[in-house]
Structure formats: structure tokens, C-alpha cells
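Work through the exercises below with the structure open beside you. Try each task before reading its solution.

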Amino acid sequence: MNKSELEDIGIKNVGEVYHNLSYDELIQHELDNGEVKLTESGATAVDTGIFTGRSPKDKYFVYRDPSNKYIAWGDVNQKVDESVFNELLEVAREQLSGKDLYVTDVFCGSSPASKRSIRFVSEIAWQSHFVKNMFIRPTEEELANFKSDFTVLNACKAVDEKYKEHGLNSEVFVMFDIENNMAIIGGTWYGGEMKKGIFSMMNYWLPLEGKLSMHCSANVGKDNDTALFFGLSGTGKTTLSTDPNRALIGDDEHGWDEHGVFNFEGGCYAKVINLDEKSEPEIYGAIKKGALLENVVLDDDGVVDYDDGSKTENTRVSYPIEHIENHKEDLMAGHPKNIIFLTADAFGVLPPVSKLTREQAMYYFLSGYTAKVAGTERGITEPVATFSACFGEAFLPLHPTVYAKLLGEKIDEHGVDVYLVNTGWTGGRYGVGKRMSIKDTRACINAILDGSIKESEFDTTETFRLHVPKTLGDINPDVLNPRNAWENKEEFDETRDKLAAMFIENFKKYQDAESEFDFSAAGPKLEK
């Protein structure tokens, strides 16, 4: 991209254009600009300021009736007038004009039939580094013929000083103009806005083509048995799909079409709070030159203290997927054999592993229950119970039932087994019980993937009516049935019923939809 092309999109008097720099060049720019610090592992570390998570209340789509009739308007997909978007587009253009700019061209989607070409423009080197890590890096030949399908102008230093007049939430704006294939970002430096912004767009484009877009990680075994791990931030998607015995397809965002599963991204975005080399050696080893740490605490020698959450609990690292030795090079695999829904239950009520019926699978997919873990969004300082449809409602421009219908069709067509795995609390609610051990969770996952869980004898829990194994390997049987893990059984029953009531209330919104989505009978049932 040259200066004249930037002028074509309204950016004037551009200085130097740093187009598709190499990692070595980007790192040198980051250091020269004083944007990052170098760690002893060779990774660079950046602070993203007061924005250490996404700003979901500041995300908007341009409203045009009836051309964007497919969008499910509401709190997640907020409307903004075209005139306001255009005014803030000019603010973004003015911010980027007269500056040296970093332009990065990438693909989203490893499937040739489904990929999109995305162009990012920023005045900050580390943001160019971030999207180079997170998306699929074109070959030199592909770059020579690159034509952008969608452009993101990241003017993070600009703010909307007239946000009250515009009827917006704050000075921050993350806006999408679908018809003109452009997004603008202002007021927040957080890199995750770029990543999740394009994920939202893929969640718009693909289902309209009959392809399922998914907030999940994926890996594949030596027998080509693909597994999907659905879950919100902090539930363990990255950790649990990174397995030395299985090839990683991707850790967060995928599509599923008639050929199988494919990664949207070319990198991983892992939480590093309390990162331990022994329990997560692959992720720990991926933090080297080319990796970009966010909001971690390090000493004068560049040694990172991963246990220090004083800046945020949402400390992160982005790295190219090549940093994981055991990854699938083409970032694609066949149809899944197993689907795992990950939830971090802050109430300590759900079992560590449950085998779901087809109806239960649809119920828990649409419910998308978990706890928002501290730091993933502004203002969240401790886990809060939440329901997020399809384990990613914040990124779904279409109605959740669109994605559920596609998932149900694919489960039926390919005979997929579905499990619910709780990576949250056991023996009591948050603050009383303890977090499930990674060792026990991995044992549950391994039993699913090698099929040994099917040899277990199962119990059915009360109220939630989940099918749980009586024994499973070396896991304490009292942990497998959560009521047994609580000292105070009456308190467990009271907490269980409270959570069940929350599930029932949340699911009422789907009972008014088409009858095929009324799976309420598969959910918890309170005794009258």
C-alpha cells in the first residue's frame, strides 16, 4: 500500500508507510519508538494503558434499513447512524494523517473457499505486530496480489469528544460499516478489539453462506479425530487444546464447512496470569522472540512475574501458531468427533464432566453459561455468572439461533459426541471452594478424546439431570458428583437451585422462538 492508496481512503500528508514489515523490523521499530520493553526470553512486552480488556459497550454497527436486515440489533449489536460513523471516520482520518503509518495485510480463514483479506492501518508498531501474530500471514506471492476485502483504521489516539451529542456510551468507539467494508477504532489501545472485531465480521459473513463460525479452539489426534473446545475467555480453550499428543489447529476462532474445520487465525492469544512452565509448557515455551506480551510486570532484567496481576488479571501473550511445535501446518482438519463446552462455574455446582444428549447440547450451547473471569472486560474484578449464547454472544451479529441451527445440523450429520466440562470451582462457590485442578480437567479431557469415558458407569444428577461418570481414572469420585464435594449439602442444594433458576429464566427468550429451538425440557428442572 502506498501513499496514494492511503489518500484514496482519506488519509492525507502521510509520512513513511511501513508496509508488511518483518518481525525483526517491527520489533526494532517498537524498541526505537519506546513502545515496548524486551524480556529475557526475547519476547517484547507492551502496556495497553487503562484499556486492558475489550470495551463491549462501545461497539456499534452502522444502521441502514433494510440493507442490513440480518443483524440482531440490541445491547450486543448497537445501532449507530451513518452520519455519526462518517463524522468519526473523519476524526480517525485526521488522527492518522500526517503520520508515519504501519500497514499490515493478512488473511482471516485458512480455508481457501472462506478466507477474507483484511488490511489494518495504525500509527503504532506494536499494533501491527499484534495483527501479524494473530492473523494468517500471506506469502510474498500472495502479498504481491493482495486486494483488501475489509479495512480497519486503528486511530486509538483519537477520541470522540462529542460522544454525548452522538448518543454514544463514552469517548471510545469501535464501529463497523458492513456495506463499505470498513471499521474504525478510537480511544482504546487494546489489541483485542482488532482481533475480535474481525471475528464479529466472520460471524456475519459465514453463516449467510451456510458455514458455521465458532468461538472455540480445536485440535486433532493422530487418527484424524478432531475435537472442538467452546468457551468464553478464561475457561481454558487455549490451555486445554494445546496438547503435546495432538496437533493444534487453533486456540480461539474457527469455521466449519462441508470439508471440515478451519482456523480463522494464524496465531494464539493466551492468558498468562499465573502461567506455570510445568503445567503449561507449550504456552510457556511459545513466549520467545516474535511473541508480544500485554500488561505483564517485569523487572529491570526483563524477567516477567506471571503471578503479578497488579496491572490486570487479563495479562496476555500473542504469538504466531508456529511457536507451538505440534500444530497443524495447514490449520485445517476433518469433521469433529467430539465437542467440549467449557464453563467456569463460579457457583461450584456443575460437575467437572458431563455427557450431553443432543437436546442438552443445544440447550447448553444456547445458554453459554460461564463466569466472566477478572480482567477480560473493563470493570470486572472478580468472576461474575453470565450467560453468553453460543459461548460468544458478544461477537454474534446474527441471532444466536442461526448458529445453533447450523451446529445442530452438523452434530446430526456427523454423529458428534458433546460434553460439558467445568473448569471453575468445586467444593463450594467462588471464595469458598477451590478451582478445579488442571490435572483433573486434563484427565477428563483425555478420557473424552481417547473414548475411555464411555466405559464408565454414569449417574444422573438432581435438578440439572446431567449424566456424570461414577468413576474416571484417578479423579476423586467425590469430585465427579459436585454435591459430594461440598461439606454442607443443604448449602449445595440451595446454591444449585439458585443457579438452576437463573438457567430457566435465561432460556425463556428462546421458548418464544421457533419450536425447533425450545430445548427447555433438556435444561434443569426445579421441584415445585
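**Exercise 1. Contacts of a core residue**

Task: List what I339 is in contact with, leaving aside neighbours within four places in sequence. Then place I339 in its nonpolar core.

Solution. 
Step 1. Note that this is a predicted model.
Step 2. Find the core. I339 and F341 have the most contacts inside the largest nonpolar core, which has 88 residues.
Step 3. Ask which element gives the largest share. Helix α7, residues 192-205, contributes 7 residues to this core.
Step 4. Look for a further core. Another one, of 24 residues, lies apart from it; V14, V62, A158 and F173 are among its members.
Step 5. Recall the background. Nonpolar side chains tend to be buried together in soluble globular proteins.

**Exercise 2. The eight-stranded sheet**

Task: Give the strand order of the open sheet with 8 strands. Which strands stand at its edges?

Solution. 
Step 1. Write the order: β1-β6-β7-β8-β10-β9-β4-β5. The pairing is mixed.
Step 2. Check the ends. β1 (17-19) and β5 (78-80) each have a single partner strand, so one side of each lacks a neighbour in the sheet.
Step 3. On average, neighbouring strands are turned by 25 degrees against each other, direction ignored.
Step 4. Zoom in on one pair. β8 (residues 150-154) and β10 (residues 182-186) run in the parallel sense, with 4 bridges.
Step 5. Pick a position in that pair. V152 stands opposite A183 in β10.

**Exercise 3. A loop residue beside the sheet**

Task: Where is N181 placed, and which residues does it touch beyond four places in sequence?

Solution. 
Step 1. Locate it. N181 sits in the loop between β9 (173-177) and β10.
Step 2. Classify it. The relative accessible area of N181 is 30%, so it is partly exposed.
Step 3. List the partners. N181 touches D149, F150, T151 and W205.
Step 4. Take one C-alpha distance. N181 and I118 are 63 residues apart along the chain, and their C-alpha atoms are separated by 9.7 Å.

**Exercise 4. Salt bridges**

Task: How many salt bridges does a search of the whole structure find?

Solution. 
Step 1. Count. The search finds 32.
Step 2. Take R137 and E322. Their closest N and O atoms are 2.8 Å apart. R137 is in the loop between α4 (125-134) and α5 (140-144). E322 is in the loop between β20 (316-320) and β21 (332-333). The two residues are 185 residues apart, so this pair links distant parts of the chain. R137 is partly exposed at 23% relative accessible area, and E322 is partly exposed at 46%.
Step 3. Take D412 and R358. The N to O distance is 2.8 Å. D412 lies in helix α11 (residues 400-414) and R358 in helix α10 (residues 358-367), so the pair ties together parts 54 residues apart in sequence. D412 is partly exposed at 47% relative accessibility; R358 is partly exposed at 30%.
Step 4. Take D330 and K328. Their side chains meet at 3.0 Å, N to O. D330 has 37% relative accessibility and counts as partly exposed. K328 has 23% and counts as partly exposed.
Step 5. Name the network. Salt bridges link K195, K196, K237, D252, E253 and E265.

**Exercise 5. Strand β16**

Task: Is strand β16 (residues 267-271) enclosed or open to the outside?

Solution. 
Step 1. Use the cut-off: buried means under 20% relative accessible area.
Step 2. Apply it. In β16, 5 of the 5 residues are buried, so the strand is largely enclosed by the rest of the structure.
Step 3. Sort the directions. G267, Y269 and K271 point one way, C268 and A270 the other.
Step 4. Find the partner. β16 pairs with β20 in the antiparallel sense over 5 bridges. The bridge partner of G267 in β20 is P320.

**Exercise 6. The whole chain**

Solution. 
Step 1. Box it. Along the principal axes, the C-alpha atoms fill roughly 70 × 55 × 40 Å.
Step 2. Buried residues make up 59% of the 528 residues.
Step 3. Check contact range. Among contacts between residues at least 6 apart in sequence, 73% join residues at least 24 apart.
Step 4. Tally the elements. The chain has 15 helices and 30 strands.

Key. Residues numbered from 1 in each chain as written. Predicted model: local features only at pLDDT ≥ 70, side-chain atom pairs only at ≥ 80, totals over all residues. Heavy atoms only, no water. Core = buried A, V, L, I, M, F, W, Y, C linked by side-chain atoms within 4.5 Å. Buried < 20%, exposed > 50% of the residue type's maximum accessible area, 1.4 Å probe, protein only. Contact = heavy atoms within 4.5 Å. Pairing = 2+ DSSP bridges. Axes fitted to C-alpha atoms, helices over the stretch in contact; angles between N-to-C directions. Salt bridge = Lys/Arg side-chain N within 4 Å of Asp/Glu carboxyl O.
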